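Dear colleague,

Please find below the sequence and the structure that I am handing over to you. My account of what was found follows directly after them.

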Amino acid sequence: MTTEMRPEVTQETMIINMGPQHPATHGVLRLVLELDGETVVDVKPIIGYLHTGIEKNCEYRSWMQAIAFVTRADYLSPLFNELAYCLGVERLLGIEAPPRAQTLRVMLTELNRIASHLVYVATTGMELGAVSVMLYGFRERERILEIFEMITGLRMNHAFIRIGGLAMDLPDGVDEKIREFLEVMPKRLDEYEKLLSRNPIWVERNLGVGYLAPERAVALSTTGPVLRASGIAKDVRKEEPYCGFEQYDFDVITRTDSDCYARYEVRMEEMRQSMRIVEQALDSLPGGPVMVEDPKVRWPAQLTVGPDGIGNSEEYVEHILGGSMEALIHHFKMVTEGVAVPAGEVYQVVESPRGELGLYVVSDGGYRPYRVHVRDPSFVNLQSFRDQVVGQMVSDVIAVGAALDPVMGGVDR
Amino acid sequence: MTPEELVERLGSRFGDVSLAYGEVTVITSREKLVDQLEALKADPDLRFDFLSDVSGTDWPDNDLRFWVAYHLYSLEGKHRVRVKVGVSESDAHIPTITGLFPGADFLEREVYDMLGVEFDGHPDMRRILLPEDWEGHPHRKDEELGGVKTQYKGGAFIPPVDQRLQK
């Protein structure tokens, strides 16, 4: 072929839209990818498909009701949302939950962390072609959800952690169930690692993929396993301990490879550390109430499990309806109006499975929150997507998205 | 550094510093914002090198109606500070801090989306959570809950629920 006859070679990039309905984007994340052949030139995450106005809704409810909203933000770690909100409001009120409630909060959230990391292993396994790991991960998560169901009555969105403590104490038999889980789980984790850690496909898809330099990770405000896999040991539980975390013996896991494989290793190790914490919490569980005594703050009824689920005990209903008029007035006032929180603002952080979860709670002294802002770690971590995939292959987008582990309920709120 | 020490250190240089609920708050103006954040980041003792959060609050009765709070953290010193800036409704502009903290990108866009405060110099000042053609900024206090024409299929009008608006 002579030069005149050769068609002119033009270089153009292609725009590919991935999501919002895509099995490998963890919910309704939409990515607009600009590709040059198979190489990613640019990526724009488009979010907001799951925006439900949680923050705005909180402003229209009593302080107590808002718990049921914030718990729905990051739906894989609902207890962390509740905990951060309640700790923030408790600081504004100047109260502290009793020791038993503090220990149970630690135990519940650490179980929740394991459940959330299990979803990471499961979904990442599925997205990268290891479907059996997906089945195993969800199987083990089911055990934790059963424990939660036993304790709180619900599998997700528990609204169990309340201002001043917990909704109710542990039911009988849950201790054995948790210990049984702690017995089984380490073996299962070893099993996953046998399946994955040296699996050529898993290694090929994760190792060296999604590199995020430590200084970029800090500049982009990433937190959680993403930051710790870049070698920076930032963990709120160690640095700004809440609920007595300084008493527990556990390690902050870091890796220095800053890639998807390092994030996998961090999460696997964190599950082991969480089990250590759960065990210590169970062993050191103090007695006593799970809710503050102050009748001006605490929920008026002690919940019990009745034939139709969790609710007010029959004696209590009898007391307010047939016994004491004052008790009825008090109950009515607490349920409809709730508690007035002194004016002020706090920024309360907890270490959620995805990183630093911050709740900025503002009160104007009224019976409803003036402003609740959720600093969701998934939302902030998502900014690092571009840094990790530009110049890489399009198939790496899946691995990077999976290793960031965003939960769209938290991202969009 | 404890909050008390922080107040002492900041007080001499940053003016309006207060301590409440164990948290240090610096109130500044938008003209000084970027310089002050840069100073907080560069100071060898303070080293506020990590941006945690940017969020906005609406106080409709104030002259400075919108207040944006920047929560900074120090990876080394493990202390926190909140820097607050207020702007009026007629001139709701704040210079961006994405030059100092690239992580402010999404967070500033969220404040713009929800409150309508514009961040001058931001590389991509668009809505982030709501659809691009959405009218209004829902976190303003004069925007009610409900009563919004849904902008999705069918465009039905959902009336406000009385119960939601209980005062």
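R413(A) is buried, with 28 other C-beta atoms within 10 Å. Please bear in mind throughout that this is a predicted model. R413(A) belongs to the segment after α17 (408–412) of chain A, and its phi is near 45 degrees, a positive value in a residue other than glycine. Most residues other than glycine have a negative phi.

A second case occurs in chain B, where phi of Y21(B) is near 55 degrees, again positive in a residue other than glycine. Y21(B) is found in the loop between β1 (16–20) and β2 of chain B. Y21(B) counts as partly exposed, because it has 16 C-beta neighbours inside 10 Å and a residue must have 20 or more to be buried and 12 or fewer to be exposed.

**Strands of chain A**

In chain A, three strands form an open sheet in the order β1-β2-β3, with antiparallel pairing. Its edge strands are β1 (14–18) and β3 (39–46) of chain A, each of which pairs on one side only. On average, neighbouring strands of this sheet are turned by 20 degrees against each other, direction ignored. Helix α16 (residues 394–404) of chain A lies across β2 and β3 of chain A and runs at about 150 degrees to β2(A).

Elsewhere in chain A, strands β6 (residues 303–306) and β7 (residues 309–312) run antiparallel and are joined by four bridges.

**Chain B and its helix α2**

Chain B has three helices and seven strands, which follow the pattern α-β-β-α-β-β-β-β-α-β along the sequence. Of the 167 residues in chain B, 35% are buried. Among the contacts in chain B with a separation of 6 or more, 46% are between residues 24 or more positions apart.

Helix α2 (residues 30–42) of chain B has 13 residues, which at 1.5 Å a residue should span 18 Å; the end C-alpha atoms are 19 Å apart, which agrees. The buried residues of α2(B) are L33(B), Q36(B), L37(B) and L40(B). They lie on the same side of α2(B), because they cover an arc of only 105 degrees around the axis. An α-helix has 3.6 residues a turn, so residues three or four places apart point the same way. On the other side of α2(B), the residues E31(B), D35(B) and A42(B) are exposed. The cover over the buried residues of α2(B) includes α1 (3–14), β2 (23–28), β4 (66–73), β5 (80–87) and β6 (93–95) of chain B.

**Where the chains meet**

How many residues of chain B are in contact with chain A? There are 27, and they are in contact with 31 residues of chain A. On the side of chain B that touches chain A, the elements giving two or more residues are β3 (50–58), β4 and α3 (104–115) of chain B. The most comes from β3(B), with six residues. By type, the residues of this side of chain B divide into 14 nonpolar, six polar and seven charged.

With kind regards

Terms used
Residues numbered from 1 in each chain as written. Chains lettered and ligands numbered in written order. Predicted model: local features only at pLDDT ≥ 70, side-chain atom pairs only at ≥ 80, totals over all residues. Expected span 1.5 Å × (residues − 1). Arc of directions from axis to C-beta. Contact = placed C-beta atoms within 7 Å. Nonpolar A, V, L, I, M, F, W, Y, C, P; charged D, E, K, R; others polar. Pairing = 2+ DSSP bridges. Axes fitted to C-alpha atoms, helices over the stretch in contact; angles between N-to-C directions.
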